[in-house]
Amino acid sequence: MKQRTLKDSIKLEGVGLHNGKNVNLCLNPAESNHGIKFKRTDLDVNNIIDANYKNVKSPILCTRLENLNTVSVSTIEHLMASFYGEGIDNALVEVDAPEVPIMDGSALDFVEAIRQVGAENQSSPRKFIKVKEKIEVKNESKYISIEPLEKDLIIDFEIVYSNPLIRTRRKEFRLSNGDLNSIYNSRTFCLYKDIDQIKSQGLAKGGSLENAIVVKENEILNDDGLRSRDEFVDHKILDCLGDLMLLGHRVFGHIKTSQGGHQLTNTLLRKFFLDKSHWEFDSQEEKNQKDSKYPRPIAVNA
Ligand SMILES: [Zn+2]
């Protein structure tokens, strides 16, 4: 299986969820082994930020990446999930603000744009990360683990809310045959009672019913209600998929989480990657390298 990039550049625009300003986004093709990188076009220097889990800094309410020069980009997770699901390995994402536009709060616009231009295979093989050993992280009632799984990714997510409408819901999503479109289509959500506190931190200035589901006790404040019964848990799976893309490679593994989120996923990835006994690459290239170490068979006539 080869690495893939976009066939052409794609321009999108929208509002930044946290700063409330208009943002221009351009997704560009990139060469093999480039990975996903962000470029802040509103800055002239030190403006490249690698989409890597090591660059995640204070992921409050969204995933935020920061480079060594403290240049950052926020709210990358829904776009990263689109790259994961649509099989894009390499892209240069130009953005003229410190955050990716929130669009409608889901990954739908990104996915539609990617599908419209299409993707193409590149010369280098894709590398997969294979989980060798179960790793887990606990933080009070929050839990996340990753364990070995053959040639697939499962995200088993449980949400637990005291809110009577969201409540407890669990879903197991398997990448190879799960309904990816319902994951893409799910919007970010918040509780009405938390809005004042979120805004007092200077966040969510661009937040509205156009880009988030707002739940007030037993009621959904958005006119059209939910897009699906599972929209809340689907969105948490979308966030998790986007955060996993920060490994730089797709992963064969089984994630189980209760009340997971950006911070917990990042803690897991750091712990997982720290020790080479936890993982290995599973790629054709690697197999060929291993095979070439074996002595060649001696010719019968020699
Ligand atoms: Zn999200």
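F128 lies in strand β10 (strands, E, of at least two residues, and helices, H or I, of at least four, are DSSP runs numbered from the N terminus). This is a predicted model, where local features need pLDDT of at least 70, side-chain atom pairs count only at pLDDT 80 or more, and totals for chains, interfaces and linings use all residues. Residues are numbered from 1 along each chain as its sequence is written, and side-chain values use heavy atoms, with hydrogens and water left out.

**Exercise 1.** Work out whether F128 is buried or exposed, and list its contacts beyond its neighbours within four places in sequence.

*Solution.* Start with the area: F128 has a relative accessible area of 13% and is buried (buried is under 20%, exposed over 50%, partly exposed in between, with a 1.4 Å probe and protein chains only). Next, take contacts as heavy atoms within 4.5 Å. With neighbours within four places set aside, F128 touches M1, R250, F252, E280, F281 and D282. Finally, check a C-alpha distance: F128 and H249 are 5.7 Å apart in space, although 121 residues separate them in sequence.

**Exercise 2.** Classify the ring pairs F128 with F252 and F189 with F232.

*Solution.* First, the rule: rings of Phe, Tyr and Trp (its six-membered ring) pair if their centres lie within 6.5 Å, and planes under 30 degrees apart are stacked, over 60 edge-to-face, and the rest tilted. The structure holds seven such aromatic pairs. For F128 and F252, the centres are 4.5 Å apart and the planes meet at 10°, so this pair is stacked. The pair joins distant parts of the chain, since F252 sits in strand β18 (residues 250-258), 124 residues from F128. Both F128 and F252 are buried.

Now the second pair: the ring centres of F189 and F232 are 4.9 Å apart with planes at 70°, so the pair is edge-to-face. F189 belongs to strand β15 (residues 189-191) and F232 to helix α5 (residues 231-244), 43 residues apart. F189 and F232 are both buried.

**Exercise 3.** Find which residues the ring pairs link into a cluster, and which lysine lies over the face of F281.

*Solution.* Follow the ring pairs and you reach a cluster of Y53, F272, F273, W279 and F281. Then look for a charge over a ring (NZ of Lys or CZ of Arg within 6 Å of the ring centre and within 35 degrees of the ring normal). K127 lies over the face of F281, at 4.4 Å from the ring centre. Elsewhere, the charged end of K216 sits over the ring of Y192, 4.6 Å from its centre.
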